[in-house]
Amino acid sequence: MDNNDILIRLRYALEIKNSEMAEIFKLGGEDVSVPEVVRILKKSDDEEESDSQLKLTNRMLNSFLNGFIIYKRGKQEPKPGQPNSPEPSIENYNNINNILLKKVKIALSLTTEDMLDIFKKAGLNVSKGELGAFLRKEGHKNYKVCLDNFARNFLKGLTIKYRG
């Protein structure tokens, strides 16, 4: 599953309009116009059509997910005396599905139970421990890479929950 596919599925699941998408990108620090959003969301089945599709880079997807958190929850001001913790970045990340789960969980204020329910709606039984392993920081001894199958089913479950 590539970045464009992730964004197409997320947009469909949460019924986000093109103008809102451009605003979310802007909140995340990426300047993307509405026509560019349309090009990003265009599905490319043929090689000829792929020229008109705008490929979504990891940096752009990261900006969108960060902007989505701000869009849904508001900008978080750092607490006095607390250092700014570096946020996980997916710019050079090979498997972005773990970050996708984390950031959508934050943006939609989902609990672990909510996420397990979303997976269940998509027909996938995920244990609490397995979900915890997906949400851990990379490098942790119990960290587990979230495969496309899990990310796809999570987005499918979101669609059922929010559109069904």
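The model described here is a predicted one.

**Overall make-up**

The chain contains eight helices and zero strands, and, read along the sequence, its pattern is α-α-α-α-α-α-α-α. Of its 164 residues, 42% are buried. The accessible surface amounts to about 9,500 Å², and carbon and sulfur atoms account for 47% of that surface. Among the contacts between residues at least 6 apart in sequence, 66% join residues that are at least 24 apart.

**The nonpolar core**

The largest nonpolar core has 43 residues, and the members that touch the most other members are Leu7, Phe25, Phe64, Phe154 and Leu158. Two or more residues of this core are given by each of helix H1 (3-14), helix H2 (18-27), helix H3 (34-41), helix H4 (58-73), helix H5 (97-107), helix H6 (112-121), helix H7 (128-135) and helix H8 (148-163). For Leu158, once its neighbours within four places in sequence are left aside, the contacts are with Leu10, Ala13, Val104, Leu108, Ile118 and Arg163.

Which residues of H3 are buried? They are Val37, Ile40 and Leu41, and because they cover an arc of only 90 degrees around the axis, they lie on the same side of H3. An α-helix has 3.6 residues a turn, so residues three or four places apart point the same way. The cover over the buried residues of H3 includes H1, H2 and H4.

In H7, the buried residues are Glu130, Leu131, Ala133 and Phe134; seen down the axis, they fall within an arc of 155 degrees and so line one face of the helix. Lys128 and Gly129, by contrast, are exposed on the other side of H7. Among the elements that cover the buried residues of H7 are H5, H6 and H8.

**Individual residues**

Asn3, which has its place in helix H1, has a relative accessible area of 10% and therefore counts as buried, the cut-off for that term being under 20%. The side chain of Asn3 reaches the backbone oxygen of Leu56 at 3.1 Å, and it also makes a polar contact with the side chain of Asn58 at 2.8 Å. Not counting residues up to four places away in sequence, Asn3 touches Leu56, Thr57, Asn58, Leu61 and Ile96.

Lys43 is situated in the loop between H3 and H4, and its relative accessibility of 54% is why it counts as exposed, a term that applies over 50%. Lys105, in turn, is found in helix H5, and, with residues up to four places away in sequence not counted, it touches Leu110, Thr111, Thr112, Met115 and Leu135.

| Residue pair | Separation along the chain | C-alpha separation |
|---|---|---|
| Lys43 and Ile8 | 35 residues | 8.5 Å |
| Lys105 and Leu135 | 30 residues | 9.5 Å |

How values were computed
Residues are numbered from 1 along each chain as its sequence is written. This is a predicted model: local features need pLDDT of at least 70, side-chain atom pairs count only at pLDDT 80 or more; totals for chains, interfaces and linings use all residues. Side-chain values use heavy atoms; hydrogens and water are left out. A nonpolar core is a set of buried Ala, Val, Leu, Ile, Met, Phe, Trp, Tyr and Cys residues joined through side-chain atoms within 4.5 Å. Buried means under 20% relative accessible area, exposed over 50%, partly exposed in between (1.4 Å probe, protein chains only). Helices (H or I, at least four residues) and strands (E, at least two) are DSSP runs, numbered from the N terminus. Contact means heavy atoms within 4.5 Å. Accessible areas come from the Shrake-Rupley method with a 1.4 Å probe; for residues, only the protein chains shown count as cover. The arc is that of the directions from the helix axis to the C-beta atoms. A polar contact is a pair of N or O atoms within 3.5 Å; within protein, one must be able to donate a hydrogen and the other to accept it, and residues adjacent in sequence count only if both atoms are side-chain atoms.
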